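Please view the sequence and the model first, and then read the points below by topic.

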Amino acid sequence: DFVANVSHELKTPLTAIKGYVETLIEGGLDDRENNLRFLRKVETHANRLTTLITDLLSLSRIESGEAVSKREQVVVAEVLSASLIRLAPGAERKGIRFGGWHIDRSLQILGDMEALNQIFDNLIDNAIKYTEPGGRVEVSLYQKDGKVMFDVEDSGVGIPAEDIPRIFERFYRVDKARSRE
């Protein structure tokens, strides 16, 4: 299942890139109205491939035991703000009301800034991805019972109750057809 999923996830952007490049080669470069749009699509799919490959390399390091967690003092709101800035264009393209609400900027943890960055990016990106155009995605960062808490709330499709116990299983997908959509 994993190999099939990865193959499909890699093949989709590669097919799109190939199609746009062929179009540009066959005269699309001369089409002033569309050539920049085609190049932006190629860039989007190339970025998607980069993300997929980075995720696979991270997974490989974790599985091999090579992943080393770097512990440092981290101002959590700074890492969260960087994720919000990075992911805002995707939300804007879908007309999603997006941002951080109730963010305690004083919270610090001893942790791995890069890992925290990946966590925020993953959760927020999923919220954007599965929220319909015109919806909303809101994040909160606060302290409760001596712990730093991070919430992502969205108006998206949600996770069916029967799948919630399995969401942290490695490679688990709720519904392949729905997730690809």
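A nonpolar core is a set of buried Ala, Val, Leu, Ile, Met, Phe, Trp, Tyr and Cys residues whose side-chain atoms join them within 4.5 Å. The model described here is predicted. Its largest nonpolar core has 21 residues, a search of the whole structure finds 2 aromatic pairs, and the structure holds 5 salt bridges.

**Nonpolar core**

- In the largest nonpolar core, the residues with the most contacts inside it are L80, F98, I124 and I128.
- At least two residues of this core come from each of helix 3 (76-93), strand 2 (97-103), helix 4 and strand 4 (136-144).
- Helix 3 supplies the largest share of the core, 8 residues.
- Neighbours within four places in sequence aside, I124 is in contact with L80, S83, L84, L87, F98, V139, F150 and V152.
- As general background, nonpolar side chains in soluble globular proteins tend to be buried together.

**Aromatic pairs**

- A pair of aromatic rings is described by the distance of the centres and the angle of the planes.
- The search of the whole structure finds 2 aromatic pairs. In one of them, the ring centres of Y20 and F38 are 5.6 Å apart and the planes are at 40°, so the pair is tilted.
- Because Y20 lies in helix 1 (residues 2-25) and F38 in helix 2 (residues 35-64), this pair ties together parts that are 18 residues apart in sequence.
- Y20 is partly exposed, with a relative accessible area of 21%, whereas F38 is buried, with a relative accessible area of 11%.
- The rings of F120 and F150 also form a tilted pair, because their planes are at 50°, with centres 4.5 Å apart.
- This pair links distant parts of the chain, with F120 in helix 4 (residues 113-129) and F150 in strand 5 (residues 147-154), 30 residues apart.
- F120 is buried, and its relative accessible area is 2%.

**Salt bridges**

- Side chains of opposite charge can pair when their charged atoms come close.
- The structure holds 5 salt bridges. One of them joins the side chains of R48 and E9, at 3.0 Å from N to O.
- That pair links distant parts of the chain, since R48 is in helix 2 and E9 in helix 1, 39 residues apart.
- R48 counts as partly exposed at 32% relative accessibility, while E9 is buried, with a relative accessible area of 13%.
- K18 and E22 meet in a salt bridge at 3.9 Å, N to O; being 4 residues apart in helix 1, K18 and E22 are separated by about one helical turn.
- K18 counts as exposed at 53% relative accessibility, and E22 as partly exposed at 37%.
- R136 and E153 also form a salt bridge between their side chains, at 3.2 Å from N to O.
- R136 lies in strand 4 and E153 in strand 5, so this pair ties together parts that are 17 residues apart in sequence.
- At 44% relative accessibility, E153 counts as partly exposed.

**Surface and other positions**

- I159, I164, I167 and F168 make a nonpolar surface patch of about 430 Å².
- L36 has its place in helix 2 and counts as partly exposed at 45% relative accessibility.
- The C-alpha atoms of L36 and L24 are separated by 9.9 Å, and the two residues are 12 residues apart along the chain.

How values were computed: Residues are numbered from 1 along each chain as its sequence is written. This is a predicted model: local features need pLDDT of at least 70, side-chain atom pairs count only at pLDDT 80 or more; totals for chains, interfaces and linings use all residues. Side-chain values use heavy atoms; hydrogens and water are left out. Rings of Phe, Tyr and Trp (its six-membered ring) pair if their centres lie within 6.5 Å; planes under 30 degrees apart count as stacked, over 60 as edge-to-face and the rest as tilted. Buried means under 20% relative accessible area, exposed over 50%, partly exposed in between (1.4 Å probe, protein chains only). Patches are made of residues with over 30% relative accessible area and no salt bridge: like charges are joined within 9 Å, nonpolar side chains (Val, Leu, Ile, Met, Phe, Trp, Tyr) within 5 Å. Accessible areas come from the Shrake-Rupley method with a 1.4 Å probe; for residues, only the protein chains shown count as cover. A salt bridge is a side-chain nitrogen of Lys or Arg within 4 Å of a carboxyl oxygen of Asp or Glu. Contact means heavy atoms within 4.5 Å.
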